[in-house]
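Take a look at the chain below. The report that follows goes from one loop to the overall build, and then to the parts inside.

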Amino acid sequence: ASAPMVQRGALVPTDPLVSVCVLVLSDAGLAMDCLDSLAHASGRHAVETVVVANGTPVDARYPLEQREDIVLVRSGTNLGFAGGNNLAAEVARGPYVLFLNDDSTIEEGYIDHLLATLERDPSIGAVGGRILSTDGSLQEAGSVLWNDGSASHVGLGLPPGTAEFSYVRDVDFVSANGILVRRAVWDAVGGFDERYFPAYYEDVDLSMAVRQ
């Protein structure tokens with residue numbers, strides 16, 4: 001396969017503190033709300049957004065190619081979730097790396113709150129926030145890993161507006177949707193394990209490696 005191509009938009013900061021990594025497969029339009037939320041919610045810090053078109057068809061990449069506020073990486077093949085995000089992290093330049101699903105949006109201040117948590121305690125290697133479903137109900141606030149290898153999302157299904165689990169605490173693992181990782185820690189553990197192809201459980205593995 002040919003080497004990935006990188007296109008840096010004119011509005012991408014040259015010295016970002018945080019690099020946000022987003023994968024796109026076949027529907028680039030799905031990612032527009034995600035990218036717009038990043039553009040409006042970057043907060044007080046310089047943030048770059050690295051989008052990997054992960055085997056995305058040429059005609060479907062057009063909306064991404066028109067944006068000047070992202071770094072677009074074109075991969076001719078689908079590298080899977082782990083491989084695609086590892087590629088994004090290779091291109092990323094920030095000392096903090098945030099992974100976000102393309103069908104998600106972030107609230108204003110999200111990145112600032114994650115950074116503040118990491119910077120308050122150098123023993124924290126990665127941090128995540130609460131994830132809400134489209135109806136506003138709680139999808140997860142961190143997750144539990146049971147001793148048989150199965151997992152449960154904390155707070156799943158709590159009603160819209162709930163304030164449950166709105167405090168900082170240790171968790172077994174953080175889902176890859178909205179996890180902020182120190183670059184030094186990411187490099188030390190070697191990123192996502194690409195044996196989890198095409199997707200799922202690589203975030204559990206990453207969290208265990210970070211803790212170790």
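Where is the place of Pro 198? Pro 198 sits in the loop between helix 5 (183-189) and helix 6 (202-211). Helices (H or I, at least four residues) and strands (E, at least two) are DSSP runs, numbered from the N terminus. The peptide bond from Phe 197 to Pro 198 is cis, and its omega is near 5°. Most peptide bonds are trans, and most residues other than glycine have a negative phi.

Tyr 200 also lies in the loop between helix 5 and helix 6. Its phi is near 90°, a positive value in a residue other than glycine. Tyr 200 is exposed, with a relative accessible area of 70%. Here, buried means under 20% relative accessible area, exposed means over 50%, and partly exposed is in between (1.4 Å probe, protein chains only).

## How the model is read

This is a predicted model: local features need pLDDT of at least 70, side-chain atom pairs count only at pLDDT 80 or more, and totals for chains, interfaces and linings use all residues. Residues are numbered from 1 along each chain as its sequence is written, and side-chain values use heavy atoms, with hydrogens and water left out.

## The whole chain

The chain has six helices and eleven strands. How does its radius of gyration agree with that of a compact globule? With 212 residues, such a globule would have a radius near 17 Å; the chain has 16 Å, which agrees. The radius is taken over C-alpha atoms, and the globule rule is 2.2 Å times the number of residues to the power 0.38. Along its principal axes, the C-alpha trace spans about 40 × 35 × 35 Å.

Of the 212 residues, 47% count as buried. The chain exposes about 10700 Å², and carbon and sulfur atoms supply 52% of that area. Accessible areas come from the Shrake-Rupley method with a 1.4 Å probe; for residues, only the protein chains shown count as cover. Take contacts between residues at least 6 apart in sequence: 70% of them join residues at least 24 apart. Contact means heavy atoms within 4.5 Å.

## Charges

How many positive and negative side chains does the chain have? There are 13 positive and 29 negative side chains. The centres of the two sets lie 5 Å apart. Lys and Arg count as positive and Asp and Glu as negative; His and the chain ends are not counted. Each charge is placed at NZ of Lys, CZ of Arg, CG of Asp or CD of Glu.

## Cysteines without a bond

The whole structure has zero disulfides. A disulfide is a pair of cysteine sulfur atoms within 2.5 Å. Cys 21 is buried at 0% relative accessibility. Cys 34 is buried too, at 1%.

Cys 34 is one of the buried residues of helix 1, along with Met 32, Leu 35, Ser 37 and Leu 38. These residues pack against strand 2, strand 3, helix 2 (62-65), strand 5 and helix 4.

Helix 4 (residues 110-120) has Tyr 110, Ile 111, Asp 112, Leu 114, Leu 115, Thr 117 and Leu 118 buried. An α-helix has 3.6 residues a turn, so residues three or four places apart point the same way. The packing partners of helix 4's buried residues include helix 1 (32-40), strand 2 (18-24) and strand 3 (47-54).

Val 52 is found in strand 3. Is Val 52 buried or exposed? It is buried, with a relative accessible area of 0%. Leaving aside neighbours within four places in sequence, Val 52 is in contact with Val 22, Leu 23, Val 24, Val 73, Gly 84, Leu 87 and Ala 88.

Ser 175 lies in the loop between strand 10 (151-153) and strand 11. Ser 175 is buried, at 8%. Not counting residues up to four places away in sequence, Ser 175 touches Ile 131, Glu 140, Ser 143, His 153 and Asp 203. Phe 165 is also in the loop between strand 10 and strand 11. Phe 165 has a positive phi of about 60° although it is not a glycine. At 24% relative accessibility, Phe 165 counts as partly exposed.
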